[in-house]
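Please keep the sequence and the model in view while reading.

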Amino acid sequence: MNKLKIFIFSTLVLGSTACEQVLDQLPQTAVVSEIKDASTARAALNGAYNGLQSANYIGTRYQLLPDLQSGNLRHTGTFSDFAEIANRSILTNNTSVTSMWTQIYTSILRDNFLIKYVPSINESGFTDAAKNQIVAEAKFLRAFNYFNLVRWWGDVPLVLDPTEQADESLKVSRSSTADVYKQIYADIDAALPFLPNTNRGKATKNAALALKARAALYQKDYAAVVSLCDQIIATGQHSLVPTFSNIFATQGTAESIWELSFETTNSNTLAFFLFSTALGGRNEMRPNTTLVSAYSATDTRRILTTSYDAQLKYFRINGTDFPVLFRYAEVILNRAEALAELGRNAEALTALNLIRNRAGIGDADASLATNPTALKTEIFTQRRLELALEGHYFFDLVRTGRAATTLTNWASTQALLPIPQRERDSNPKLTQNPGY
């Protein structure tokens, strides 16, 4: 058996498949873990990170679909699944939605095998410290994966053990959003003591703190957000890059807390979907004029409607762009938003001005410190402009209650994606989200 066979196990946690196959197909034999020594443990960890790189996840859809849902991007191509997402009229058999669900649970399966089997490896020279770090990275990844599931689908099956047997245990009910968040926090807290301070392209202490801060913001635990962001700032490891475009032109800048590497042999399709056909792209989606016009003429983050291809965050048509999943600017914006919600307006404005000044648009009007509503609106606006095409805007509209006043033809049922019909056909215990 190939030592990584467990990681390409096609039916996954919920009996789903990555391709069009028989809906209720189950594995014919038990899955045997071959994580038996330091070498296979490290290979399995690399496989867990590799699970993020699919075009159905960080390789494209994670960044672009939330901006397509929210109108930052407009659909200009021919893919019907993207058209449904752009119109927020998504069918339960939408290919992108189904593939994202499958890929995220694929990644969780890999994490679960590591968490279960690495601690019991008994090999001379494979220290407890080394094993603890591998398990900690797997728990960080599992927390990251579940956070993305819960913000896209709400209540989701919470599976914490690896799928090793073809039986009814594959059919799992949805857990409450509250329980999923509890597990996210538990995994992060368990991982933090064993994560390194530096670990290029992989989990670090600051990446875990950034994930926890992001989750706390979604849960409106604003005091926790400030505390977590302050811990990141206090390390002194990160800072804003003076030239905005350098964040994406140069790998591993001081602003990057966690970014995912791609190579030509393991590439993404971010630039391909965004670029014009004249530049070798598919022209599947383009920045919307509403986003373009939101930038002032002097804003160094500005995206143009014409020659925008060279100014995007993803511009390597060979697929070697490195998506920055957590960066210092988001930490500052998270902190600013939380401070404003706590009524600490002067501190929030000071934090916000760090972002504005780096963008070349100067300080915000000082009167915002005494106008809480206007201050929160300006923080939200700068968050949109700063983090455009990084997979935030739709979720930010929903969690702040702005979707109804910003998006046309909005219905509250559009806040969550449909549970894929293929999964429900395989697993009768899965209920559907309202509106589908």
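Is lysine 220 buried, partly exposed or exposed? Lysine 220 has a relative accessible area of 48%, so it counts as partly exposed, the class between under 20% and over 50%. The model is a predicted one. Its protein chain contains 17 helices and four strands, and buried residues account for 57% of the 436 residues. Of the contacts between residues at least 6 apart in sequence, 71% link residues at least 24 apart.

**Nonpolar cores**

- The largest nonpolar core has 121 residues, and Phe144, Trp153 and Trp258 touch the most other members.
- Helix α5 (residues 128-153) supplies the largest share of this core, with 15 residues.
- A second, separate core consists of five residues, among them Val241, Phe244, Phe248 and Val324.
- Beyond its neighbours within four places in sequence, tryptophan 153 contacts Val97, Met100, Trp101 and Ile104, as well as Arg174 and Asn433.
- The contacts of tryptophan 153 also include Leu416, Leu417, Pro418, Ile419 and Pro420.

**Helix α5**

- Most of α5 is covered, as 21 of its 26 residues are buried.
- At 1.5 Å a residue, the 26 residues of α5 should span 38 Å, and the end C-alpha atoms lie 37 Å apart, so the two values agree.

**Helix α14**

- Helix α14 (residues 372-387) has 16 residues, which at 1.5 Å a residue should span 22 Å; this agrees with the 22 Å between its end C-alpha atoms.
- The buried residues of α14 are Leu375, Glu378, Ile379, Phe380, Gln382, Arg383, Arg384, Leu385, Glu386 and Leu387.
- These buried residues pack against the helices α7 (205-218), α11 (289-292), α12 (328-341), α13 (345-358) and α15 (393-399), and against the strand β4 (324-327).

**The pairing of α13 and α14**

- The axes of α13 and α14 come within 11 Å and cross at roughly 30 degrees.
- An angle under 35 degrees counts as roughly parallel, so α13 is roughly parallel to α14.
- The crossing of these two helices, α13 and α14, is left-handed.
- On the α13 side, the meeting residues are Asn345, Ala348, Leu349, Leu352, Ile355, Arg356 and Arg358.
- On the α14 side, they are Pro372, Leu375, Glu378, Ile379, Gln382 and Glu386.
- Among these α14 residues, Leu375, Glu378, Ile379, Gln382 and Glu386 are buried.

**Positive phi in loops**

- Most residues other than glycine have a negative phi.
- Lysine 220, which is not a glycine, has a positive phi near 60 degrees.
- Lysine 220 is located in the loop between α7 and α8 (222-235).
- Asparagine 409 likewise is not a glycine and has a positive phi, of about 55 degrees.
- Asparagine 409 belongs to the loop between α16 (403-406) and α17 (421-426).
- The relative accessibility of asparagine 409 is 72%, so this residue counts as exposed, the cut-off being over 50%.

Key. Residues are numbered from 1 along each chain as its sequence is written. This is a predicted model: local features need pLDDT of at least 70, side-chain atom pairs count only at pLDDT 80 or more; totals for chains, interfaces and linings use all residues. Side-chain values use heavy atoms; hydrogens and water are left out. A nonpolar core is a set of buried Ala, Val, Leu, Ile, Met, Phe, Trp, Tyr and Cys residues joined through side-chain atoms within 4.5 Å. Buried means under 20% relative accessible area, exposed over 50%, partly exposed in between (1.4 Å probe, protein chains only). Contact means heavy atoms within 4.5 Å. The expected span of a helix is 1.5 Å times one less than its number of residues. Axes are lines fitted to C-alpha atoms, for helices over the stretch in contact, and angles run from 0 to 180 degrees between N-to-C directions. Angles under 35 degrees count as roughly parallel, over 145 as roughly antiparallel, 65 to 115 as roughly perpendicular and the rest as oblique. A crossing is left-handed if the near helix is turned anticlockwise from the far one by less than a right angle, and right-handed if clockwise.
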